[in-house]
Amino acid sequence: MYSLNQISYLLHDYLVDLGVSDIYAKYLNTLILLVLLAIALYIFDYFLRKLVISVFARFTSLSKTNFDDFLVRNKVPRNIAHIVPIIIAYNTVPYVFNGFDKAQILVLKGLEVFGIILTLWVIRSLLNTLKDFFKTLPNLKDKPIDSYIQVFMIFLWSIGILLAISILTDIELWKFLTGLGTASAVILLIFKDTILGFVASIQVSINDMVRIGDWISFDNYGADGDVIEINLATVKVQNFDNTITTIPTYALISDSFKNWRGMTNSPGRRIKRALIVKQESIKFLAPRDIQKYKKISLITDYITGRQETITEYNKSNNIDKSILINGRNLTNIGLFRKYADTYLKNHSAINKDMMVMVRQLAPTPQGIPLEVYAFSSDKRWENYEYIMSDIFDHLLAAITYFDLELFELPSSTNFKNTPKS
């Protein structure tokens with residue numbers, strides 16, 4: 001039986017017997033052994049890869065969980081299968097390059113570096129598998145899993161690069177790190193955005209500022225839509241026009257933005273819009289006006305009750321009602337405000353458990369704003385807009401029944417109809 005060392009020289013001895021010089025025989029021996037090793041490793045790697053993948057595929061077809069499906073999809077079995085040929089190559093190279101010490105050391109270092117890269121590939125595949133699996137879990141699908149994985153991979157790649165440099169330069173790792181400390185300022189400058197993104201992603205996650213699926217508005221970046229991805233450096237927002245806006249992750253903690261998650265999780269979506277009433281159309285109500293407004297069923301009982309209270313107050317205080325301004329009175333804007341409030345509280349799409357209010361805001365040069373402040377039960381955008389439009393369709397049409405006018409800028413037709421002096 002021949003030893004491996006003797007086998008590595010069989011071809012060399014055969015070539016020497018044929019009359020080839022010793023030096024050329026050594027080179028040819030090494031070259032042929034290298035080619036044979038490469039072919040053998042390729043064939044072995046091919047069949048081993050096929051075997052591992054088929055075993056995993058059969059296992060995934062029988063398994064009820066989808067985790068193993070993600071393992072196959074992210075090529076974990078394939079990457080693991082490459083490890084065995086690398087180990088065989090590492091242990092065989094010394095016999096192939098027998099007599100060529102420098103070349104042997106160089107190839108072994110190359111295999112060690114490739115082993116580090118292959119290990120990182122396997123870990124990356126496993127992390128991508130975990131990422132895909134976690135996104136299927138209801139409690140984790142809105143978390144920034146991508147950021148965590150990217151941070152971990154950056155840490156691993158940094159260690160891998162340092163180990164590779166240490167292997168190639170024959171410098172011990174701790175000595176290399178000591179020398180690296182002197183260049184820390186340059187490293188911080190080069191990786192400034194990465195470091196800011198890393199810190200920001202941690203703060204965003206810990207403070208639960210943004211989740212995947214949140215609707216955010218970020219005016220500084222023109223973003224208004226749903227968050228579809230959160231990673232170490234950027235946050236991707238799909239706007240409502242289906243465009244994609246990319247925001248630096250650190251901008252989420254350095255700038256102001258609006259997250260609509262609170263509205264989405266609440267029992268209602270706010271309606272906050274005002275009607276601007278012309279001041280000159282506001283008036284006290286005479287008895288004949290009150291009788292006319294009593295025919296409006298939503299406020300009939302209110303008018304009756306208020307009228308009795310006001311009449312009793314004015315009589316007990318001997319108020320001269322020959323002039324409407326004296327004493328207490330009803331106004332058309334006050335009745336309309338009550339009408340709008342009652343209408344909202346009777347509307348089927350308004351959440352009665354939340355604030356429902358019609359309030360008068362401070363006068364403006366255009367008129368008196370009457371603001372509707374309420375919450376729709378349906379928070380879906382299309383339905384919300386329909387509910388709000390339905391409410392204001394009614395109020396815009398109803399306001400004329402109270403002898404009130406809304407402010408509107410004059411158009412060209414107003415000037416055309418004005419008689420010439």
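The model described here is a predicted one. Helix α15 itself spans residues 300-316. With 17 residues, α15 extends 24 Å from its first C-alpha to its last, close to the 24 Å expected at 1.5 Å a residue.

Three residues of α15 are buried, namely Ile303, Ile310 and Asn314. They lie on the same side of α15, because they cover an arc of only 45° around the axis. These buried residues pack against α14 (287-293) and α16 (332-345). The face turned away from the buried side carries Asp301, Glu308, Glu312, Lys315 and Ser316, which are exposed.

## Helix α17

Helix α17 comprises the 18 residues 381-398. From first C-alpha to last, α17 reaches 26 Å, close to the 26 Å expected at 1.5 Å a residue. Its buried residues are Tyr384, Ile387, Met388, Ile391, Phe392, Leu395 and Ala398. Viewed down the axis of α17, they fall within an arc of 125°, so they line one face of the helix.

The packing partners of the buried residues of α17 are β6 (269-277), α16 and β8 (368-376). On the face turned away from the buried side, α17 carries the exposed residues Glu382, Tyr386 and Asp393.

In strand β8, nine of nine residues are buried. Both faces are covered: Ile368, Leu370, Val372, Ala374 and Ser376 are buried on one side, and Pro369, Glu371, Tyr373 and Phe375 are buried on the other.

Strands β6 and β8 pair in the antiparallel sense over nine bridges, and Leu275 has Leu370 of β8 as its bridge partner. Strand β7 (residues 357-360) also pairs with β8 in the antiparallel sense, over four bridges. Here Val358 stands opposite Val372 of β8.

## The nonpolar cores

The largest nonpolar core holds 36 residues, of which Ile271, Leu335, Phe336, Ile391, Leu395 and Phe402 touch the most other members. At least two residues of this core come from each of β6, α14, α15, α16, β8 and α17.

Phe402 is in contact with Tyr293, Ile296, Ile299, Asn332, Leu335, Phe336 and Tyr339, leaving aside its neighbours within four places in sequence.

## The five-stranded sheet

Five strands make up an open sheet with antiparallel pairing, in the order β4-β3-β2-β1-β5. Its edge strands, β4 (244-248) and β5 (258-259), each pair on one side only.

Strand β3 (residues 234-239) pairs with β4 in the antiparallel sense over five bridges.

## Ile253 in helix α12

Helix α12 (residues 251-254) contains Ile253. This residue counts as partly exposed because its relative accessibility is 36%, whereas buried residues have under 20% and exposed residues over 50%.

Leaving aside neighbours within four places in sequence, Ile253 is in contact with Ala200, Gln203, Val204 and Met209. Ile253 and Gln203 are 50 residues apart along the chain, and their C-alpha atoms are separated by 7.8 Å.

Conventions: Residues numbered from 1 in each chain as written. Predicted model: local features only at pLDDT ≥ 70, side-chain atom pairs only at ≥ 80, totals over all residues. Heavy atoms only, no water. Expected span 1.5 Å × (residues − 1). Buried < 20%, exposed > 50% of the residue type's maximum accessible area, 1.4 Å probe, protein only. Arc of directions from axis to C-beta. Contact = heavy atoms within 4.5 Å. Pairing = 2+ DSSP bridges. Core = buried A, V, L, I, M, F, W, Y, C linked by side-chain atoms within 4.5 Å.
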